[in-house]
Amino acid sequence: MKILVAVKRVIDYNVKIRVKADHSDVDLTNVKMAMNPFCEIAVEEAVRLKEKGTATEVVAVTVGPKAAQEQLRTALALGADRAIHIETDERAESLAVAKLLAKVVEEEQPGLVILGKQAIDTDNNQTGQMLAALTNLPQGTFASEVEISGDGSDKKLNVTREIDGGLQTVALTLPAIVTTDLRLNEPRYAKLPDIMKAKKKPLDVKTPADYGVEVASKVTLLKVESPAERKGGIKVASVDELIDKLKNEAKVL
Amino acid sequence: MSILVLADLHEGQLASATAHVVAAAQAIGGEIDILVAGEGVQAAADAAAKLDGVNKVRVADNAVYAHQLAEPMGALLVELADGYTHVLASASTTGKNVLPRLAALKDVSQLSDVLGVESADTFLRPIYAGNAIATVKSDDTLKVITVRTTGFDAVGTSGSATIEAVDFVADNSQSRFVKEELAQSDRPELGGAKVVISGGRGMGNGENFKLLDGIADKLGAAIGASRAAVDAGFVPNDMQVGQTGKIVAPDLYIAVGISGAIQHLAGMKDSKVIVAINKDDEAPIFQVADYGLVGDLFEILPELESKL
């Protein structure tokens, strides 16, 4: 079975972001970029399924600017076999990404597609669900455990999902779309020899036009602002003082 | 303007989140219908009909909608969406699971986690773990939106909307419910609690979370946790407050043994009053806390409990 993994280049999760002075967007110049943490988990899960013999090939795909090839190389170093870069400098919203991925799914016919549940920049949490809708495949979102059971036409994917209030397990027919939650696995680090080997692995570059997909969206970003700053508070010296402040000053007790 | 709100259910009953989503719908303006979908949901439909500002409750009561699996729910929403200008759901795991399917099937974008309404087509939403707020305008004919419930006050319950059945039955051969393991708790729901007390890695282990119980009981508080505490296996993941967990905005938030990583702050920094209890006086949590107490939580917590 072939597995397709979608990855995204985002600002590193440790970076404290700055809003541009003209409020047009967040300032990304000279900021450390990395693979979205949820996507790392998706790559790790695909590689583990290959190591278990469930998957035969892992294909990594991204939509983004030229620099996003770094993240594809990372995915290749982590164990993906080949990569597809759909290059665009436009701000690709979830729907456009899902449409492009749907074309790749049509072409590659994977048995399973794994994505992160959300990107930590736009915080949308949409692409996997949209891809499932566009390809008419079932979805196992916010997965903390995936297990493939049965064989032949009886093959099923059991996905344990993190839901409000606890866990839910669903059984899906294959092919299926899975999005990863943080607790699905602990991603490995790429070793230097693997990073070197990754440079020789195949990486196809395509454009949205190759797939006949329009990236422009009907949603316009009008303004980006910093949230209201919280005023730094005070330190209290004792439990008594804390209770007194909460009762008489903050009036929340 | 006509708006369809997907009701949130919790163990078959109407969840409190729905009243907040209706408030967001009122901010947009227009006629508001609620869709209650599930199996055996008459009580939830009756409760939805009492929410202020609701015109009509549409009830899809069928086994295929039990557990609100994404595939049949998406098909149901696509069937009902025509005639509405907006479809709203809370940004719960159900809303997040189902609404993007509707959006894609209707070839429109979706706006996630909306926390403010500027007009019928312009909305505020947090990006980068809440470290920036984006104002976005949608020119799509159908606006599909998930609502951050802490951004809107719940509407009252003196309404009397009409209830009508939805006949459409989706067929679903792709997904099947296997089981659910829900954490049992007598405490208030984390998302709606007036007071939340959360523990972090500093709690040391899961057993020590019991130190929060007595305080939570006295304050009528829900108990939360940081991602570090969840990842360390101290407590189940549904207690997690943060960018990847639940977003809360209680009157009082007490962070115990939590350093205050960006991802945690994203889930609680809109709380009215924040208290931090931490032995490290340099911990970032003190930069957002209204009241900070530096010290050993194992001494402070029992003292706090006895003095409340």
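Helices here are DSSP runs of H or I with at least four residues, strands are runs of E with at least two, and both are numbered from the N terminus. This is a predicted model, where local features need pLDDT of at least 70 and side-chain atom pairs count only at pLDDT 80 or more, while totals for chains, interfaces and linings use all residues. Residues are numbered from 1 along each chain as its sequence is written, chains are lettered from A and ligands numbered from 1 in the order written, and side-chain values use heavy atoms, without hydrogens and water.

**View 1. The annotated span of chain B, residues 3-181.** An unreviewed UniProt entry lists this stretch as "domain: Electron transfer flavoprotein alpha/beta-subunit N-terminal"; such annotations may be inferred rather than shown by experiment.

**View 2. The annotated span of chain A, residues 23-215.** UniProt gives this stretch that domain name too, again from an unreviewed entry. Here the end C-alpha atoms sit 23 Å apart, and the span is 29% helix and 30% strand.

**View 3. Chain B, with 8 helices and 18 strands.** Its C-alpha atoms fill a box of roughly 60 × 40 × 40 Å along the principal axes. Of the 308 residues in chain B, 58% are buried, meaning under 20% relative accessible area (1.4 Å probe, protein chains only). Contacts are heavy atoms within 4.5 Å; of those in chain B with a separation of 6 or more, 63% join residues 24 or more positions apart.

Note on methods. Buried means under 20% relative accessible area, exposed over 50%, partly exposed in between (1.4 Å probe, protein chains only).
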